[in-house]
Amino acid sequence: MSRGSSGTSVDDKTLLLEYRCHPARPEPPSPTCGPGKRSPTTAPSASPLSPLASPTSAEPRRIVLSTDSPAALKVGTQQLIPRSLAVSSKPKNSPSRHQSCGASREPLSPDPERAAVPVLALEAEDEDDGGGFLKRNLRNMSYRAAMKGLGAEPEPAKAAPSLKPLPEDGSAPPDRSPGRSKRTLGRKRVQKRGGSFKDQPRLYQEIRERGLNSVSHESDEDLLEEPSPPGAAIVVQSYRPAQVTWSQLPEVLDSGILQRISPEERKRQEAMFEIITSEYSYMHSLSILVGHFMRSEELKETMTQTEHHHLFSNIGDILTVSTSFFEDLEKRHQEHLLIPDISDIVEEHASKHFNPYISYCSNEVYQHRTLEKLLTTNPLFKDTLKQIERKPECGGLPMISFLILPMQRVTRLPLLLDTVQQKTNARTAAYGAATRAVKAISKLVKSCNEGARAMERTEQMFTLQKQLEFGKKKPFPLISASRWLRKRGELHLLLSEEAGLFRRGAGRLCHLFLFNDVLIITKKKSEESYTVMNYATLDQVTVEKVESSDPPSPPPGKAGGHLLRVVLEKDSEGRREEVLLSAETLSDRARWISALMHREKEKPDTTPKGDLSQVEITRAYLAKEADELSLQQADVVLVLGEEDGWCWGERLRDGERGWFPQACARPITSRVAAEGNVRRMERLRIETDV
């Protein structure tokens, strides 16, 4: 480009702009400073156009343009533009998202004369490429942003620190401008491929996998949609997602792969990547349990070796298999930007390496009993445990939330794999692999459930066999492989055929043991001993609720008086006996009636399940009695009945029934989502019938 008449034209235009913006300033502009010259003096009140040219000068002036100056060809450290157009590299309150970032290798001169010469540094293409490539687009956008501010009042010249270059190592990034988008920041912040979810891992208790979403996956709901605001008519409460999503990874964004794949494939990638990230959170929580609780010498000294074993079981083995599982998943992710499949990895680990889960779940009954005993009878254990739970690493969560993690994870995996399967083309080999993976992990879950149930029932029957004394009643062998305890508890016996023993209105405390095939009524002899008063097989027992206008008065010091009548058509002596029992609360009576009528309750219900109300569990609940239902976050339950703050329901993922507090659930209000949940669970029960 010629530097003759074109330069004069630029000077005239520049002067004209200056005159229009500042007509009240009569001072002539200062002499021009070329690239190799300095202005003799630069006062703070000098005109902002002084770096360019003065029209009164007879000698043609050289104009340094930003596109082809020698400085720009080097690194761009000394391009000269009017000071009023210079953009500071660290604006504090600028709303513009486009700003120049200093990448200068040459620090500004402390010379006060040279300090008045503004320096505009261009941003390098990459911080590690030696600064040889310039981001032209960023430079131009910054220049245009400066041009928009021509009408503003020019600021007086300031000291050089306002234009200090940034160090190349990025150790002092510029302040965030309010206009920057989160996605832009995310791209710059996450530099290491595949490692973003490992930077600040969340505890597994704090996340909710989108693959567990109770919204029907056959609907138009997008797995990647943002959570709805509180109070909206939604079907699922919003939990924190499991780390970053696949489409947010910087390498995915930079590769342009999102524009080349279909929305269905994107959802499939998200579902597979979520299994990887959630496994890392799960592994992180397990490491907290092992490192801070199990290996704590202070905590170990407060209990016996047997109690320590019952409390932590083989959690170390669980951590080992989880680590191996995650490493295989991560390796697959690192090898392929577009993950081909992970179903084969899940199938292999579920069928060959996850056996420690069965042992851990089988120990569940001893674990909960030991923890309850230590908390109620061992103050030293309780105090030491509280100190550990207060550590920042534990997130303020109780130890029990860590102990139940293996049960939670192993029951969530089939749902997460089912999401992958539903997002996979049914005509591909990957769909068949996903189906096999779902069956393999479901078989493991079934073994875990059976192991825990068998251990609990066997232990209960041996204990009760020692505690029950039949006395004058005809004894029978209590222990049987087909018998288990359904419910036990205290009620007040208000009326009996033995009128001399039990008077109306007085009441006598009795303890009932309800098994799946027999009801035993006892009176408590001691803390570990019960005397059998009567019993009958359940096929000879009927129960009904009693609503009387003049009910018997409740026992002294006891509230309630909610009655139920139990008829033993053929008791232990072959006679008919009718007893009137009083429960303290409405929910207690309802639960006893439900338990005594379980044979009728388990008959197939003709009501379509899609028409029943559904709730989603928002807070995990551990069953405290035999008729209660243990639930995890995100479980969906069909509500079959409600009474006094308790719900009787069926857990959709496996069909188990029981009572649970209404406070730990929220209703699912969308009928479309409710029907979708039923379809999904019915399909899962067929596919996971192993």
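**Entry 1: H12 against H16**

I started with a helix pair: the crossing of H12 and H16 is left-handed (the near helix is turned anticlockwise from the far one by less than a right angle; clockwise would be right-handed). This is a predicted model, so I note that local features need pLDDT of at least 70 and side-chain atom pairs pLDDT 80 or more, while totals for chains, interfaces and linings use all residues. Residues are numbered from 1 along each chain as its sequence is written, and side-chain values use heavy atoms, with hydrogens and water left out.

H12 covers residues 355–362 and H16 covers 405–422; they pack at about 130° with their axes 10 Å apart. Helices here are DSSP runs of H or I with at least four residues, strands are runs of E with at least two, and both are numbered from the N terminus. Axes are lines fitted to C-alpha atoms, for helices over the stretch in contact, with angles from 0 to 180 degrees between N-to-C directions. H12 and H16 are therefore oblique to each other (under 35 degrees is roughly parallel, over 145 roughly antiparallel, 65 to 115 roughly perpendicular, the rest oblique).

I then looked up who touches whom, contact being heavy atoms within 4.5 Å. Tyr357, Tyr360 and Cys361 of H12 meet Pro406, Met407 and Val410 of H16. By class, that contact has six nonpolar residues, no polar and no charged ones. For the classes, Ala, Val, Leu, Ile, Met, Phe, Trp, Tyr, Cys and Pro are nonpolar, Asp, Glu, Lys and Arg are charged, and the others, Gly among them, are polar.

**Entry 2: H13 against H14**

Next pair: H13 (residues 364–377) and H14 (residues 379–389) have axes that come within 5 Å and cross at roughly 105°. H13 and H14 are therefore roughly perpendicular to each other. On the H13 side I find Leu371, Leu374, Leu375 and Thr377, meeting Pro379, Phe381, Lys382 and Leu385 of H14. The class tally for H13 with H14 is six nonpolar, one polar and one charged.

I moved on to strands, where two count as paired if DSSP finds at least two bridges between them. E6 (residues 541–546) runs antiparallel to E7, joined by six bridges, and Val541 stands opposite Leu568 in E7. E7 is also antiparallel to E8 (residues 577–583), with seven bridges; there Leu563 stands opposite Ser582 in E8. E7 itself (residues 562–568) is mostly covered, with five of its seven residues buried. Buried is under 20% relative accessible area, exposed over 50%, partly exposed in between (1.4 Å probe, protein chains only).

**Entry 3: H18**

H18 (residues 586–596) is mostly covered too: nine of its 11 residues are buried. Among them I noted Arg589, Arg591 and Trp592.

**Entry 4: the five-stranded sheet**

I traced an open sheet with the order E12-E11-E10-E9-E13 and antiparallel pairing. E12 (657–661) and E13 (665–667) are the edge strands, each pairing on one side only. The twist averages 45° from one strand to the next.

What stands opposite Glu616 in E13? Arg666 of E13 does. E9 (residues 614–617) and E13 pair antiparallel over three bridges. E9 and E10 (residues 636–643) are antiparallel as well, with three bridges, and Glu616 stands opposite Val636 in E10.
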